[in-house]
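Please look over the chain shown here before reading the notes that accompany it. They are meant to be read with the structure open, so that each residue can be located as it comes up.

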Amino acid sequence: MRELARQQTQRRPSEGAMPKRANQGQPQRQERRYSEQETGRRLEGRSPNRPAPRRRAEGYSSDRPAPRRRIEGRSPDRPEARRVRRTSDSRQPERMRAEKRVRIRKRQIRRRRAARLLKGIAAAAILVFLLPKAAGFASALGKGIFSLFASPSASVENGTAAAGNLTAGSIPAGQAPVLPQGGVDAQILEHLRETWKDNPEAAPILEHPEEYPDALLELLSKRPETLSFVLHYPSQKNEKQTIDLSGETTQGTLPLLYQWDERWGYGRYGDSIVALSGCGPTCLSMVLIGLTGDVSLHPQAVAVFSEENGYRTEGGTAWDLMTLGAAKLGITGEELPLDEGRMTEALRQGHPIICSMRPGDFTDTGHFIVLVGYEDGAFLVHDPNSVENSRASWTYEQIHGQIKNLWAYSL
């Protein structure tokens, strides 16, 4: 029994014994034996076939130069002086911050200057655009304040007194201003001789042109209807003139008056005469007589009023005469926009319009005309310096580009 148990035990593996490997009984791979030196290298984690690294401390190989010592992370290729300057100055971060603050400050100053420049340009553009409207508003405000303290009847009375209460025949003679003579252009003289050679009435002018102001000879060359006025200038320039328009005008109808009329054309107006520079007073006189019926407000009376109240300028007549001066003389002048509809509506309501003109069909420099009506799609004009222009009709397309400013008038 014992022998049988021993044999069974030899046939069966004991519990916990390892199973026989598949390659058990085959020749095993011979393990390599390492020397003590190789074993030490493997213990250090390096391959035994890898050459020993060079040491980086004492005993460094003499065939390779030792690297330069890196000073606080700086490259050894950088110049020594630069490294010393940057590393030796302990105040460098503070100085960099100060320089940055200065740069920021300069940039802020430049931006502020640019902003101020843009604001100035915008303000100038706004002023250029709004100044004419502001002037009109100020004028209207002044007239409103004036109307609070004076009634319309008092305004007419005060205006007449301010003009010297000039009635018919009361224009003083006075000394006429000295107008330049003897310097007229040769082409103008040649034109006059060609135009008036067959008219004996113009003989005194053609024979003695030196006795006539250059401006009047030029006026005659452009306006043949002024022949009588120019011809009588030497004898009438200092004479007292009698002016009576009572039988020529009616209230509600604007008379057509010319600034070179012999009754007032020789009268002084600043350093010139009404015939040459009085288009503004003549236009306002037409409106005053037509609206008020007061014939004492003829062109010479309005010219005297304009000069005494400072509306006469070196260039002619100030626009203030058409608003502030008109208010003192008893009528209201309202500035109008350059619009055909507004203009025709004002004329339809019986409000005549005075226009300040730029060079064009009516003048070579500056001029005033009166629009008195609108018929068949055209404006009726009273030009104080031209019979031909006053007889013609003018469309809006013809005159709107020549109008600088305009005012409508009412009582």
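The model is predicted, and its chain carries 17 helices and 10 strands. Of the 411 residues in the chain, 34% are buried, and the accessible surface comes to about 26,700 Å², with 51% of that belonging to carbon and sulfur atoms. Among contacts in the chain with a separation of 6 or more, 65% are between residues 24 or more positions apart.

**The sheet**

- An open sheet is formed by 6 strands in the order β5-β10-β6-β7-β8-β9, and the pairing is antiparallel. The edges are held by β5 (332-335) and β9 (393-394), and because each has a single partner strand, one side of each is left without a neighbour in the sheet.
- Strand β6 (residues 353-357) is joined to strand β10 (residues 403-410) by 5 bridges, the two running antiparallel, and β6 is likewise joined to β7 by 5 bridges, again in an antiparallel arrangement.
- In β6, 5 of the 5 residues are buried, so the strand is largely enclosed by the rest of the structure.
- In a regular strand the side chains alternate between the two faces of the sheet. In β6, I353, C355 and M357 point one way and I354 and S356 the other way, and all of these residues are buried.

**Helices against the sheet**

- Helix α12 (residues 279-292) has 14 residues, which at 1.5 Å a residue should span 20 Å, and its end C-alpha atoms are 20 Å apart, in agreement with that expectation.
- Since 13 of the 14 residues of α12 are buried, this helix is largely enclosed by the rest of the structure. The residue that follows α12 is G293, which has a positive phi near 80 degrees.
- The sheet strands that α12 lies across are β6, β7 (367-375), β8 (378-382) and β10, and the helix runs at about 35 degrees to β7. Helix α15 (residues 340-348) also packs on the sheet, where it touches β6, β7, β8 and β10, and its direction makes about 75 degrees with that of β7.
- T344 is placed in helix α15, and its side chain reaches the backbone oxygen of G341 at 3.0 Å. Apart from neighbours within four places in sequence, T344 is in contact with Y374 and F379.

**A loop residue with positive phi**

- Most residues other than glycine have a negative phi. D376 is not a glycine, yet it has a positive phi of about 55 degrees.
- D376 is found in the loop between β7 and β8, and with a relative accessible area of 82% it is exposed, the cut-off for that term being over 50%.

- Which residue's side chain does the side chain of T317 meet in a polar contact? The partner is Y269, whose side chain makes this contact with the side chain of T317 at 2.8 Å.
- T317 belongs to strand β4 (residues 316-317), and because its relative accessibility is 12%, under the 20% limit, T317 counts as buried.
- Beyond its neighbours within four places in sequence, T317 is in contact with Y269, S277, G280, P281, S306, Y311 and F368.
- F229 lies in helix α9 (residues 227-231), and at 2% relative accessibility F229 also counts as buried.
- Leaving out neighbours within four places in sequence, the contacts of F229 are with L216, W260, D261, E262, G265, Y266, I273 and A275. F229 and R263 are separated by 34 residues in sequence, and their C-alpha atoms are 9.7 Å apart in space.

Notes:
Residues numbered from 1 in each chain as written. Predicted model: local features only at pLDDT ≥ 70, side-chain atom pairs only at ≥ 80, totals over all residues. Heavy atoms only, no water. Helix = DSSP H or I, 4+ residues; strand = E, 2+ residues; numbered from the N terminus. Buried < 20%, exposed > 50% of the residue type's maximum accessible area, 1.4 Å probe, protein only. Contact = heavy atoms within 4.5 Å. Areas by Shrake-Rupley, 256 points an atom, 1.4 Å probe, with all protein chains shown as cover. Expected span 1.5 Å × (residues − 1). Pairing = 2+ DSSP bridges. Axes fitted to C-alpha atoms, helices over the stretch in contact; angles between N-to-C directions. Polar contact = N/O pair within 3.5 Å; in protein donor to acceptor, adjacent residues only side chain to side chain.
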